[in-house]
Amino acid sequence: MYKISMIICLLLATTASAFSNAGPQSFQTGPRPVAPVRTGNHVVISPAICAENGNYYSPNQADNCRSFIQVAYEIEAQIHYCPHGLTFDVQTCVCNNPRDTVCY
């Protein structure tokens with residue numbers, strides 16, 4: 001139940017940051033939710049959340065995905081920063097070259 005609560009919090013946080021940065025002229029709808037897809041050791045839950053080994057990861061849109069939020073069972077959410085020049089990629093669940101990622 002705790003994991004579900006944290007996922008909902010992540011979704012609300014990413015949605016809130018999208019609305020706070022968008023004016024009436026620049027509002028764009030995001031991609032539609034997708035069914036979870038297992039790729040290697042991780043699962044892509046939505047365009048903005050992936051999971052691996054019981055941890056959930058979501059890019060931080062406030063800084064153009066240069067950091068990401070990690071949520072683990074019974075541990076407070078933590079922000080981690082990608083190495084210089086990289087952005088968080090939900091499709092691979094790691095920091096990657098920005099030209100190979102999409103920041104939602």
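Cys65 has 1% relative accessibility, so it counts as buried (under 20% relative accessible area; exposed is over 50%, partly exposed in between, with a 1.4 Å probe and protein chains only). This is a predicted model, in which local features need pLDDT of at least 70, side-chain atom pairs count only at pLDDT 80 or more, and totals for chains, interfaces and linings use all residues. Residues are numbered from 1 along each chain as its sequence is written, and side-chain values use heavy atoms, with hydrogens and water left out.

Cys65 is joined to Cys103 by a disulfide, S to S 1.9 Å (a disulfide is a pair of cysteine sulfur atoms within 2.5 Å). The torsion about this S-S bond of Cys65 and Cys103 is about 80°, so the disulfide is right-handed. Cys65 sits in the loop between β4 (55-59) and β5, and Cys103 in the segment after β8, so the bond ties together parts 38 residues apart in sequence. Strands (E, at least two residues) and helices (H or I, at least four) are DSSP runs, numbered from the N terminus. Cys103 is partly exposed, at 35% relative accessible area.

Another one joins Cys50 to Cys93, S to S 2.1 Å. Its torsion is about 90°, so the Cys50 and Cys93 disulfide is right-handed. Cys50 is in strand β3 (residues 49-52) and Cys93 in the loop between β7 and β8 (94-96), 43 residues apart. Cys50 is buried at 0% relative accessibility. Cys93 is buried at 5%.

What handedness does the disulfide of Cys82 and Cys95 have? The torsion about its S-S bond is about -75°, so it is left-handed. The S to S distance of Cys82 and Cys95 is 2.1 Å. Cys82 lies in the loop between β6 (75-81) and β7, and Cys95 in strand β8, so this pair ties together parts 13 residues apart in sequence. Cys82 is buried at 10%, and Cys95 is partly exposed at 21%. Counting bonded cysteines along the chain, the disulfide pattern is 1-4, 2-6, 3-5.

Now the rings. There are three aromatic pairs (rings of Phe, Tyr and Trp, its six-membered ring, with centres within 6.5 Å; planes under 30 degrees apart are stacked, over 60 edge-to-face, the rest tilted). Phe68 and Phe88 have ring centres 4.6 Å apart and planes at 25°, so they are stacked. Phe68 is in strand β5 (residues 67-72) and Phe88 in strand β7 (residues 87-89), so the pair ties together parts 20 residues apart in sequence. Both Phe68 and Phe88 are buried. Ring pairs link Tyr57, Phe68 and Phe88 into a cluster.
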